[in-house]
Amino acid sequence: MGNQVEKLTHTNYAEVPTSDPNGFDPDGDGPRIGVSYIFSNDDDDDDQDERADRYSSEREQVNHEEKPFDLQDELDCAIYYREECVYERGGGAEALSPESLLNRCRPGDVLEFLATGQYPHWAVYVGDFQVVHLHRAEIKNNFLTDVSQGKKGRIVNTLYRFRALPPEVIVRNALDHVGTRDRELSWRNSECFAAWCRFGKREFKIGGEIRIGKQPYKLKLQFSEKKSHVLEFQSLEDVIMEKRRNDQVGKVAVTQELANHLNTTHEIKADYFVN
């Protein structure tokens, strides 16, 4: 059979076992999710969008046509490593126009550009109106307004709860890798690269953690004040890939997807659409 490993781009809740949808139980011994995006590359390029479009059209659930970012369709979530929260997004910050964002940026800031139906694109602001980012399997240095492509963006320095490196080190980390491409890359997507530049943690790199044994990472999806669902993973890299997929399809689609899998459509949807 050889040593080939099937290339996976993403999965959905219908394809894997999941945990209790009604709350976060860090000590639970229920079913675990084991998602592994081996050799996949979420670098925000057109090829990936085409793959996602084909995948969704088969289920007739999600329209990936680019639309202005809708904050109401952003799913609140948190990432835990064992019992420690290492990432949290709740009541997401409003996105700004590229011009407004420029007025607030400082060297070393991490930026996120957003559009409904697309993967968020992350970049590191390095000064002089420029950012460094991973795009189409290459790390590039471009003007912020060019990278935004008209999308709104926001500063996301505090989403990850790791201690940030000094600004000059963050900028050097980014600039030192400009021109790196293809097989030389150590990151699967723009978020992992930008977060590594800011925090310097190996967990953001490809193969930064061994995927064996008990899954220490939990992704808590917060659908409402009373309804949440927990997925478990073996590496931070895997969690980020699933979180980004959820960001792409949006809160409504993830709610429907999970409800279909758990056969509790009425309970979850009624709570979500109560407004």
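Not counting residues up to four places away in sequence, Tyr160 touches Val86, Tyr87, Trp122, Glu191, Ala195, Phe199, Phe204, Ile240 and Lys243. This report describes a predicted model, beginning with the surroundings of this tyrosine. Tyr160 is buried, with a relative accessible area of 2%.

**Nonpolar cores**

The largest nonpolar core has 42 residues, and Tyr160 is listed with Ile79, Phe204, Leu219 and Leu221 as those with the most contacts inside it. Helix H5 supplies the largest share of this core, seven residues. A second, separate core of 10 residues includes Leu101, Leu111, Ala123 and Tyr125. In soluble globular proteins, nonpolar side chains tend to be buried together.

**Aromatic pairs**

The count of aromatic pairs comes to 11. Two of them are set out below.

| Ring pair | Distance of centres | Angle of planes | Type |
|---|---|---|---|
| Tyr160 and Phe199 | 6.2 Å | 65° | edge-to-face |
| Phe162 and Phe204 | 6.0 Å | 85° | edge-to-face |

Tyr160 lies in the loop between strand S7 (152-155) and H4, whereas Phe199 belongs to helix H5, so their pair ties together parts that are 39 residues apart in sequence. Phe162 lies in the loop between S7 and H4 and Phe204 in the loop between H5 and S8, so this pair joins parts that are 42 residues apart in sequence. Phe199 counts as buried at 7% relative accessibility, and Phe204 is buried with a relative accessible area of 0%. Ring pairs link Tyr87, Trp122, Tyr160, Phe162, Phe199 and Phe204 into a cluster. The charged end of Lys201 sits over the ring of Phe162, 4.9 Å from its centre.

Four strands form an open sheet in the order S2-S1-S8-S9, with antiparallel pairing. Strand S2 (84-89) and strand S9 (228-233) stand at the edges with a single partner strand each, so one side of each is left without a neighbour in the sheet. On average, neighbouring strands of this sheet are turned by 20° against each other, direction ignored. Strand S1 (residues 76-81) pairs with strand S8 (residues 217-222) over six bridges in the antiparallel sense. Within this pairing, Ile79 stands opposite Leu219 in S8. Helix H6 (residues 236-249) packs on the sheet and touches S1, S2, S8 and S9, while its direction makes about 20° with that of S8.

**Helix H4**

In helix H4 (residues 167-175), the buried residues are Val169, Ile170, Val171, Asn173 and Ala174. These buried residues pack against strand S4 (121-127), strand S5 (130-135) and helix H5 (190-199).

Key
Residues numbered from 1 in each chain as written. Predicted model: local features only at pLDDT ≥ 70, side-chain atom pairs only at ≥ 80, totals over all residues. Heavy atoms only, no water. Buried < 20%, exposed > 50% of the residue type's maximum accessible area, 1.4 Å probe, protein only. Helix = DSSP H or I, 4+ residues; strand = E, 2+ residues; numbered from the N terminus. Contact = heavy atoms within 4.5 Å. Pairing = 2+ DSSP bridges. Axes fitted to C-alpha atoms, helices over the stretch in contact; angles between N-to-C directions. Core = buried A, V, L, I, M, F, W, Y, C linked by side-chain atoms within 4.5 Å. Phe/Tyr/Trp six-rings, centres within 6.5 Å; stacked < 30°, edge-to-face > 60°. Lys NZ or Arg CZ within 6 Å of the ring centre and 35° of its normal.
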